[in-house]
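Here is a friendly note to read alongside the structure. Please keep the view open and follow the points in order.

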Amino acid sequence: MNARTTHATPWTLKSGTNRNQRRLWIEGKRITALGFVKGIRLSRKMCRDGSMELNVVPHGWEGTGKRHSVAGTVDRPIIDLSGKWVTEFMGSAERFIVQPIVVNQAVTRTSTLSVVSGLRITPIR
């Protein structure tokens, strides 16, 4: 049984700019603790509620959608999103919420293993 939930603790970050376009920069121990390491591929999905999801792409999967990769170093992974599409996505918002997407996979009848499958990013308007 798999269920997608967003029960892990969210955090708030401030957007920046790069070449006159908005930039979302997510880095460090928070994403390392969630299992995001350099080289992991992510698929971007824009949601009807004004948020976006960055979902981990399984190795060898060739689905559709915009792709991103976790950059940086082993000790300091970075998710760097920038460009015209980010400017449009953020609108007038300066800050955004990062919410881990957790997939609960039952291991036994009495315990559950939680795995982070992506991040939901929502501008604070």
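**Notes on the structure**

1. With a relative accessible area of 76%, Asn20 is exposed; buried means under 20% relative accessible area, exposed over 50%, and partly exposed in between, using a 1.4 Å probe and protein chains only.

2. Before going on, a word on the source: this is a predicted model, in which local features need pLDDT of at least 70, side-chain atom pairs count only at pLDDT 80 or more, and totals for chains, interfaces and linings use all residues. Residues are numbered from 1 along each chain as its sequence is written, and side-chain values use heavy atoms, with hydrogens and water left out.

3. Arg19 also lies in the loop between β3 and β4. Its phi is near 55°, a positive value in a residue other than glycine. The hairpin of β3 and β4 has 2 residues between the strands. At 77% relative accessibility, Arg19 counts as exposed.

4. β3 and strand β4 (residues 21-27) pair in the antiparallel sense over 3 bridges; two strands pair if DSSP finds at least two bridges between them. Among the bridge partners, Thr17 has Arg22 in β4, and Gly16 has Arg23 in β4.

5. How many strands form the open sheet, and in what order? There are 4, in the order β3-β4-β9-β8, with antiparallel pairing. At the edges are β3 (16-18) and β8 (71-72), each of which pairs on one side only. Inside the sheet, β4 and strand β9 (residues 77-82) pair in the antiparallel sense over 5 bridges. Glu27, for one, has Ile78 as its bridge partner in β9.

6. Strand β4 comes up again in the core. The largest nonpolar core has 23 residues, and those touching the most other members are Leu24, Ile26, Ile79, Leu81, Phe96 and Ile121. At least two residues of this core come from each of β2, β4, β6, β9, α2, β10 and β11. Here a nonpolar core is a set of buried Ala, Val, Leu, Ile, Met, Phe, Trp, Tyr and Cys residues joined through side-chain atoms within 4.5 Å. In soluble globular proteins, nonpolar side chains tend to be buried together.

7. Which residues does Ile26 touch, not counting residues up to four places away in sequence? They are Trp11, Leu13, Ile31, Pro77, Ile78, Ile79, Phe96, Val98 and Ile121, where contact means heavy atoms within 4.5 Å.

8. Next come the charged pairs. A search of the whole structure finds 5 salt bridges, a salt bridge being a side-chain nitrogen of Lys or Arg within 4 Å of a carboxyl oxygen of Asp or Glu. In one of them, the side chains of Glu94 and Lys14 meet at 3.9 Å, N to O. This pair links distant parts of the chain, 80 residues apart: Glu94 is in the loop between α2 (84-90) and β10 (95-106), and Lys14 is in strand β2 (residues 11-14). Glu94 counts as partly exposed at 46% relative accessibility, whereas Lys14 counts as exposed at 51%.

9. Arg120 sits in strand β11 (residues 112-123) and Asp49 in the loop between β5 (41-46) and β6 (52-56), 71 residues apart. Glu53 also forms a salt bridge with Arg120, the closest N and O atoms being 2.6 Å apart. Because Glu53 lies in strand β6 and Arg120 in strand β11, the pair ties together parts that are 67 residues apart in sequence. Salt bridges that share partners join Asp49, Glu53 and Arg120 into one network.

10. Lastly, the charged end of Arg44 sits over the ring of Trp85, 3.5 Å from its centre. A charge sits over a ring if NZ of Lys or CZ of Arg is within 6 Å of the ring centre and within 35 degrees of the ring normal.
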